Amino acid sequence: MQYQAQQQYGASSSSSSPMRRIERMAAENAVVMFSISSCCMCHAVKRLFCGMGVNPTVYELDEDPRGKEIEKALMRLMGSSSSSAVPAVFIGGKLVGSMDRVMASHINGSLVPLLKNAGALWL
């Protein structure tokens, strides 16, 4: 499985809020995913993207000292109906959502156009 794992949030991130860090990280690459390395739902989304030929940038929250505060901010961003903040997928800098939203988009055919528009997929 090929994806770009990111573990550091950068030196400047300590001075900004977790929500600003999320916005900045999400905008840096076409497909950005916040994950926990032992999460089976995260693994399934990574496999989906890699199987499509998409190379997402993945931030493993459990491997970063600031991961818990990012995870709390993601919970707020995803809404109170979410029981978990991960996986949190951003395409083209915009929040797509968790596994259920990504899979629903894949099934209904809207995921590929999103990926193409973000420059993550060339078919």
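How much accessible surface does the chain have, and what share of it belongs to carbon and sulfur atoms? The surface comes to about 6600 Å², and carbon and sulfur atoms account for 51% of it. Keep in mind that this is a predicted model.

**Whole chain.** Colour by secondary structure. The chain has 123 residues, 41% of which count as buried. Of the contacts between residues at least 6 apart in sequence, 68% join residues at least 24 apart.

**The core.** Select F34, F49, L74 and L115 and show their side chains. The largest nonpolar core has 34 residues, and these four touch the most other members. Elements giving two or more residues to this core are α1 (18-28), β2, α2 (40-52), β3, α3 (67-78), β4 and α5 (111-118). The largest share, five residues, comes from α2. In soluble globular proteins, nonpolar side chains tend to be buried together.

**F49.** Stay on this residue and display what surrounds it. Setting aside residues up to four places away in sequence, F49 touches V31, V54, P56, V89, I91, V102, L111 and L115.

**M33.** Next, select strand β2, residues 31-35, where M33 sits. Is M33 buried or exposed? M33 is buried, because its relative accessible area is 0%, under the 20% cut-off. Beyond its neighbours within four places in sequence, M33 is in contact with C42, V45, K46, T57, V58, Y59, P87, A88 and V89. Draw a distance between the C-alpha atoms of M33 and T57: they are 24 residues apart along the chain and separated by 6.1 Å.

**E60.** Move to strand β3, residues 57-60, and pick E60. This residue is buried as well, with a relative accessible area of 3%. What lies 3.0 Å from a polar atom of the E60 side chain? Show the backbone of S37: its nitrogen is at that distance.

Finish with residues 88-91 and 94-97, which are strands β4 and β5. The two strands pair in the antiparallel sense over three bridges.

Note on methods. Residues numbered from 1 in each chain as written. Predicted model: local features only at pLDDT ≥ 70, side-chain atom pairs only at ≥ 80, totals over all residues. Heavy atoms only, no water. Pairing = 2+ DSSP bridges. Helix = DSSP H or I, 4+ residues; strand = E, 2+ residues; numbered from the N terminus. Buried < 20%, exposed > 50% of the residue type's maximum accessible area, 1.4 Å probe, protein only. Polar contact = N/O pair within 3.5 Å; in protein donor to acceptor, adjacent residues only side chain to side chain. Contact = heavy atoms within 4.5 Å. Areas by Shrake-Rupley, 256 points an atom, 1.4 Å probe, with all protein chains shown as cover. Core = buried A, V, L, I, M, F, W, Y, C linked by side-chain atoms within 4.5 Å.
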